[in-house]
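Visitor: Could you pick a single part of this structure and take me through a close look at it? I'd also be glad to hear what lies elsewhere.

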Amino acid sequence: MSPRPGFVLDVDSSTPPTLFWRGERFSLEKLPEGSRVIYAPEPLEPLKDPVAAIRHALTHPVGDQKPLPDLLFPGMKLTIAFDDISLPLPPMERPDIRQMVIEQVLDMAATAGVDDVELIVALALHRRMTEPELRHAIGDRVYDAFAPNGLLTQHDAEDPDALTHLGLTDQGEDVEINKRAAESDLLVYVNINLVAMDGGHKSVATGLASYKSLLHHHNPATMVASKSFMDQHRSELHSANWRMGRLIKESGVNIFQIETTLNNDTFPEAFSFLQKREWEWKARDRVNYLASAAALNRTPPRVARGIFHNIKAPHRMTSVQAGEVEAVHKITTENVWAQQGVEVEGQTDILTMGLPYISPYNVNSILNPILVACLGLGYFFNLYRGKPLVREGGVLIMTHPTTPDFNPVHHPSYIDFFEQVLTETTDPVVMSEQFEEAFATDPWYRHLYRTGHAYHGVHPFYMWYWCAHALNHLGAVIIVGGDAKTVHRLGFRSATTLTDALEMARDVVGPSPSLTHIHTPPILMADVK
Amino acid sequence: MSPTKGTANSLRSRRAVREESALGFGDGPGPLERFSPRRLTTWVGRQRFPLAAPTWPGTVVRPAPKHTLGVDYDTAWSRRYPVRLARAVVLDNITRPLARVVASPEIRGEDALVGLEAPVIFAANHASHLDTPLLLSCLPNRFRHRTIVAAAADYFFDRRWKAIAWSFFLAAIPIERAKVNRRSAAVAAELLEDEWNLVIFPEGGRSPDGWAQPFRGGAAYLAVRTGRPVVPVHLANTRHILPKGRTALRPTHTTVTFGQPLWPGEGEDSRKFSLRIEAAVAVLANEETTDWWTARKAAADGTTPSLQGPDVATWRRSWALEPHPGDRVETTGPNEDGLKPDSRRPTWPKRPS
Amino acid sequence: MKSLVLERNVARFAASRVASLIGSGRGAGVGPLRLLDATAPEPLGSDWFPVKVLLSGICGSDLATVDGRTSRYFEDMVSFPFVPGHEVVGVLESDGVDAHGQPLVAGTRVVIEPVLGCAPRAIEPRCPHCAEEHQGLCGNIAFGRLAPGLQTGFCTDTGGGWSEAGLMAHRSQLHAVPEGFSDRDAVMVEPTACAVHAALSADIHEGDTVAVLGAGTLGLATVAALNTLVRPETGHSLIVGAKHPAQRQQAARFGADMVVPPDQLARAVRRQSGSLVLGGRLTEGAHVVFDCVGTSESIAESLALLRPRGRVVLVGMPGRVSVDLAPLWHKELSITGAYAYGQETTIRSGAPRSARTFELAMEVVATHHLGELVTASYPLERYEEALAHAGAAGRRGATKIVFDLAKSGRNPSIRPDGKGTP
Ligand SMILES: [Zn+2]
């Protein structure tokens with residue numbers, strides 16, 4: 001049977017309760033009659049022979065770019081940059097797409113007699129990846145061939161010796177990117193395009209950029225003007241990246257862009273009920289739900305976290321395209337939409353969402369309160385095209401335990417941001433003026449970012465800016481089941497149950513509100529008419 | 001997706017839940033009642049999703065159920081080694097002794113099977129649900145544990161538990177009674193080629209009145225397709241053990257007669273071959289009520305009584321089969337109408353019903 | 001008339017030690033402190049004037065004394081039996097003269113500067129410290145015409161604040177309460193003076209990062225003193241580690257730039273100073289840390305927060321502690337004490353100015369309305385409750401607990417906002 005498209009359910013009295021994620025737990029909640037629940041399309045059929053598809057894409061590029069073998073010649077300087085740990089979510093079962101693509105690229109490079117090859121993790125201001133993470137992403141063969149010789153590096157946005165300033169855009173934005181990438185004869189960028197915001201000029205212009213360069217579009221003003229940042233044509237974030245990308249191209253950096261899309265087969269068999277429609281749950285799904293819900297409720301959060309972060313998604317590649325950045329990205333975006341798009345009729349007064357244990361910034365880590373806000377208000381809220389799912393002045397209700405737990409190795413500046421910034425202000429503009437620079441230039445954060453596995457000191461600010469559009473748009477944000485003190489510090493309201501939250505929401509949006517629940521993950525994009 | 005109001009199914013199940021919950025625990029059950037089966041079923045009925053199966057939202061069009069049952073049920077699992085082993089244990093230790101007690105089968109013509117190479121197709125008349133276990137119990141060892149049974153997909157494979165039970169106990173495979181289904185025939189043929197023997201009841205179902213129904217082409221088709229022989233089998237008296245419409249067992253003496261294997265002739269089509277099979281079973285039936293020689297002669301004369309009984313009024317067909325009150329004497333041979341009473345009438349009175 | 005008297009009784013001291021393990025101030029019931037019929041102290045001479053006590057505070061050092069936790073260092077600096085209470089506001093019972101030689105009429109409200117240095121002890125010539133008006137440093141506190149006693153409230157001759165019968169104050173100890181001061185404001189002058197002395201002795205420079213560890217009476221008063229007397233000149237940034245929510249609110253009100261729970265103090269200081277972290281310590285960090293707790297842990301943490309050549313100022317009375325001094329040696333840190341008061345030199349608008357610590361303390365009290373820190377007052381009879389409350393002040397949302405001698409025999413007064421319910 002071919003996969004079914006996305007679906008908007010109208011809740012009636014015989015609709016079974018709806019699954020809500022609550023971090024490392026989940027619950028079934030009865031939604032009021034007349035509510036809507038948006039379900040993602042079912043996983044698309046994967047490519048039958050991904051390796052052949054990759055080879056075909058490399059030899060049949062789209063747009064104004066030559067086939068990869070024609071771009072390779074002996075004595076050239078070749079750099080392969082690839083996406084970091086933030087993609088895909090959850091991390092996919094081996095072999096990772098990056099491994100499959102990079103192996104083919106290297107194969108062609110070897111055939112062409114290219115000696116000077118370097119691999120760069122395009123992590124922008126994210127944390128450096130650990131060896132096991134790198135081995136998972138690019139495979140042992142590639143890792144063992146490059147890492148011991150120092151030819152596998154992680155981009156360092158704070159290393160003045162490893163950055164090149166390429167100039168200013170027509171809007172005066174600094175374009176400063178990784179030196180090795182900029183000075184190569186060919187820069188191959190390997191993308192995993194999990195959501196519509198990934199890829200395009202953003203790959204190089206953000207992934208390999210310096211803090212100075214990122215500053216121009218990672219700020220509250222840009223984020224408020226990105227409606228949404230998942231919709232390239234209405235996203236100021238993307239406009240800035242496109243300006244920069246074009247300047248990078250004009251500066252003579254030859255980019256061979258490879259973009260890949262995944263189907264949304266997100267959870268392995270034991271957790272597959274998480275991506276099914278509740279009324280279609282088989283006895284086995286119900287048993288899995290009951291068993292895992294009961295077990296998780298008795299499991300300490302740390303252990304539960306371990307269980308979930310061990311999940312490897314059975315994602316499969318649905319498309320691969322290569323060539324010139326913009327032409328490639330156009331096809332990619334269509335493919336992402338094919339998997340994630342759901343047509344939704346009209347906005348809602350109240351939007352509910354269950355927040356899972358993972359976001360792009362806490363793979364193998366903790367979804368701390370700032371990331372909770374970012375996942376809900378930054379990511380899920382922005383999963384729309386056209387209009388936001390929730391009307392202006394509407395209420396967003398999220399379920400998550402929101403405990404003040406942080407991973408001190410990955411998120412050191414988040415702790416200080418939580419303790420010292422959010423206690424003062426939750427306004428993105430105010431904090432960017434008063435605190436951002438001190439965090440961005442803090443030598444300790446810089447040290448941890450450059451040598452440890454910490455996100456850059458400024459990263460929590462970016463997470464908060466991600467929320468800026470939602471914060472501007474919404475009348476109230478309510479977290480159900482969260483630690484009240486923490487929720488208040490985020491500037492949100494705290495409710496014990498969904499029913500309480502709906503009561504509170506009525507105070508904001510009126511007595512008989514419309515309600516929509518977004519049933520993610522798997523990720524979906526609402527096309528709101 | 002156009003919204004439709006709640007389906008009849010979901011409405012019914014909701015009402016059921018309400019009624020059952022009206023039985024409530026509040027009535028104060030005694031300690032012994034607390035764990036009664038009735039209370040258990042009540043408790044189960046009161047459970048909500050996810051303990052109970054989800055109800056279907058009325059706003060969602062319910063798709064036609066997926067055909068994983070009936071003809072499409074995949075029985076491959078039931079032929080895996082551990083399952084075969086378990087079935088063999090059950091067949092030899094439970095089914096066979098039980099069949100002996102209930103049906104006291106007298107086996108005739110077993111010598112027809114001597115030297116016959118597997119796989120073969122056993123084609124038998126069909127009057128009772130017990131025909132299958134009885135026939136399986138009576139097969140020689142070398143056939144018994146590598147034999148599958150063609151069972152009506154619409155009856156034995158319509159529910160999951162039935163499908164599982166029959167494929168386990170009898171190694172049943174689903175076939176369509178009415179016509180030769182391409183898929184089920186292909187499966188059966190494949191299994192024959194894979195050295196599995198096949199029990200098939202060509203009538204396509206149990207007899208409604210004791211007389212046989214016309215043989216359908218399935219057995220013949222498979223034989224022609226695979227080139228394997230058909231062993232005609234006649235089962236006598238089984239309808240008295242578990243006739244259609246009854247649930248209680250009535251132990252009876254039965255006879256299982258094997259005939260000489262029939263090979264499809266060169267260029268013979270399955271329709272002609274099917275008639276040959278039916279005739280062979282009719283001869284066995286005749287032999288069972290008379291003797292071998294009489295039956296052979298009748299066969300030669302073309303006067304073997306039809307398995308399907310005479311073409312007379314329904315009541316006379318039944319009358320001819322039923323024992324007459326006080327008549328406990330065996331009659332031999334058909335009477336003038338070609339009707340013959342059952343040769344072995346029950347030797348104990350019928351239970352009052 | 002009653003007074004609380006502390007007697008030398010080894011068994012009772014031991015018992016109070018044990019009781020204090022349950023909680024600070026719990027030694028009162030079994031310890032050497034007893035409620036006796038009061039006898040007014042004997043007249044001591046022409047420069048001594050009788051003072052009727054209105055309010056007398058319970059200080060951390062008082063709790064330590066009652067619980068028998070005081071360092072043995074002080075053993076020879078007190079004389080038994082004595083009436084505790086050195087944070088005193090009272091009424092002059094006869095005409096008198098204040099520390100500046102100004103005449104005071106009977107009935108004037110006064111606060112007592114309790115140090116018993118060369119002047120009250122009639123020691124001539126005065127020691128070099130008293131000669132420079134740094135009475136807190138006087139070494140003659142066990143000599144001269146008075147029994148040993150480093151302060152009023154530790155000396156058997158002078159009496160102390162926890163008595164309905166009043167005490168004798170030397171003219172050098174007397175300061176008239178300024179206009180507009182409530183009794184509560186006035187009783188806060190003595191502890192605030194300690195904080196002022198600490199704040200001014202810390203040698204804070206322009207743009208320094210300063211941390212205050214602990215936000216009891218002394219911690220909060222230090223914050224207020226820094227804000228009033230030092231900050232206008234130095235513009236230093238001030239980070240306070242305060243355990244209890246009420247303390248955090250007050251610290252913020254008194255002008256702290258950042259107030260955090262104590263377990264977050266290190267992170268806050270690190271970020272403020274842009275320091276790296278090495279071996280669990282900051283490589284740079286704060287210039288000055290005021291340790292207003294005085295335990296091994298707080299001193300160790302203070303050392304960890306300091307940049308090289310930084311300074312820890314011990315504001316509260318510490319006892320015997322065990323601290324790793326390797327960082328002190330390696331980073332050339334200093335630990336300094338800040339005891340009592342005397343004459344201070346402050347910089348005002350770039351020009352140095354000399355003033356009595358008590359006068360500056362009054363300024364701080366007036367600026368920040370520190371009288372509000374007095375959370376509950378008890379009559380003398382309910383001293384056990386009062387001391388227990390004081391011992392658990394922070395946890396119970398209280399700061400300063402006082403005895404109200406004028407109200408003895410009546411119910412404790414509770415602040416109208418209901419805080420500090422005993
Ligand atoms: Zn002196």
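**A buried asparagine, and a domain contact**

Guide: N286(B) is buried, with a relative accessible area of 8% (buried means under 20%, exposed over 50%, partly exposed in between, with a 1.4 Å probe and protein chains only). This is a predicted model, where local features need pLDDT of at least 70, side-chain atom pairs count only at pLDDT 80 or more, and totals for chains, interfaces and linings use all residues, while side-chain values use heavy atoms, without hydrogens or water. Residues are numbered from 1 along each chain as written, with chains lettered from A and ligands numbered from 1 in written order.

N286(B) sits in helix α10 of chain B, residues 270–289 (a DSSP run of H or I, at least four residues, numbered from the N terminus). Leaving out residues up to four places away in sequence, N286(B) touches D291(B), A295(B), A298(B), T304(B) and P305(B) (heavy atoms within 4.5 Å).

Now over to chain A, where the domain assignment (automatic or from a database) gives domain 1 (7–43 + 340–528) and domain 2 (50–262). Their centres, taken over C-alpha atoms, are 28 Å apart, and 40 residues of domain 1 of chain A meet 39 of domain 2. About 3,300 Å² is buried between these two domains, 64% of it from carbon and sulfur atoms (accessible area, 1.4 Å probe, lost on putting two parts together, summed over both). Y449(A), R450(A) and W466(A) supply 20% of what domain 1 of chain A buries against domain 2, more than any other three residues. R450(A) also forms a salt bridge with D159(A), their closest N and O atoms being 3.7 Å apart (a Lys or Arg side-chain nitrogen within 4 Å of an Asp or Glu carboxyl oxygen).

Note on methods: Helices (H or I, at least four residues) and strands (E, at least two) are DSSP runs, numbered from the N terminus.
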